[in-house]
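These are my notebook entries on a single protein model. I record what I looked up, entry by entry.

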Amino acid sequence: MLKGANLAVSSVVRQSRIKIPPKEGEAVYHCMSRTVNGEWLFDDVAKEVLRRQFWQVSNYCGVQIVTYSILSNHFHVLVRVPQQGPVSDTELLRRYRVLYPKPTAYQMARLEVVQAELAANGPEARVWRQRQLALMGDVSPFMKLLKQRFSIWFNKSHQRFGTLWAERFKSVLVETGERILQTIAAY
């Protein structure tokens, strides 16, 4: 570096999401994500696949969809994240099966190993349990998983590659009064 050179460093600082920790209480979020360049990519088939994935991923993550809207270039979803309680191994396996309803041979073999480990409560079971629980009860992993899974489907079915989404999803923590939720849902 040159002595005395004045270098301007440009960095984008992400603002932290405002979230209620799942162990502290219930929260409701209005989330939105837009396609790259605002392109109108979603036809009726894509909208239906995204709608099904909303419900599939929400079931896995343990979040509740209050309402949603899917447009040609973005979507809105109002989700309730309940206060996090203990999740049994039986429930973890049920949720895993929801996420992978048609498992590959590898996934089936892996699931058999996981079930055996869970029964023995071995070290692999603890790691698998922690990995699954890290994806549950939080709006960020819900949106990440939803957008990833849909992007994979969309790119594969439209013979395209690269990013589908413009940026991080936007989220707003919503007060949980009934009239407030009705107003947001109507929006």
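Entry 1, Asn 37. I looked up the exposure of Asn 37 and found it exposed, with a relative accessible area of 68%. I use buried for under 20% relative accessible area, exposed for over 50% and partly exposed for in between, with a 1.4 Å probe and protein chains only. Asn 37 sits in the loop between strand S1 (27-34) and H1. Its phi is near 60°, a positive value in a residue other than glycine. I noted for context that most residues other than glycine have a negative phi.

The model is predicted: local features need pLDDT of at least 70 and side-chain atom pairs count only at pLDDT 80 or more, while totals for chains, interfaces and linings use all residues. Residues are numbered from 1 along each chain as its sequence is written, and side-chain values use heavy atoms, with hydrogens and water left out.

I counted 6 helices and 4 strands in the protein; helices (H or I, at least four residues) and strands (E, at least two) are DSSP runs, numbered from the N terminus. From the N terminus on, the order is β-α-β-β-α-α-α-α-β-α. Of the 187 residues, 36% count as buried. Among contacts with a separation of 6 or more, 71% come from residues 24 or more positions apart, where contact means heavy atoms within 4.5 Å.

The expected span is 1.5 Å times one less than the number of residues. The buried residues of H1 include Val 49, Leu 50, Phe 54 and Val 57. Their cover includes strand S2 (64-70), strand S3 (74-81), H2, H4 and H5.

H3 (residues 105-120) has 16 residues and reaches 23 Å from first C-alpha to last, close to the 22 Å expected. Which residues of H3 are buried? I found Gln 107, Leu 111, Val 114 and Leu 118. Seen down the axis of H3, these buried residues fall within an arc of 65°, so they line one face of the helix; the arc is that of the directions from the helix axis to the C-beta atoms. The face turned away from the buried side carries the exposed residues Ala 105, Tyr 106, Glu 112, Ala 119 and Ala 120. Helix H2 (89-99) and helix H4 (123-133) are among the elements covering the buried residues of H3.

Asp 89, Leu 93, Tyr 96 and Arg 97 in H2 meet Leu 111, Val 114, Gln 115 and Leu 118 in H3. By class, this contact has 5 nonpolar, 1 polar and 2 charged residues.

Asn 121 follows H3 and is placed in the loop between H3 and H4. Its phi is near 50°, positive in a residue other than glycine. At 41% relative accessibility, Asn 121 counts as partly exposed.

I located His 158 in the loop between helix H5 (139-157) and strand S4 (170-174). At 33% relative accessibility, His 158 counts as partly exposed. The C-alpha atoms of His 158 and Leu 41 are separated by 10.0 Å, although these residues are 117 residues apart along the chain.

Notes: Nonpolar A, V, L, I, M, F, W, Y, C, P; charged D, E, K, R; others polar.
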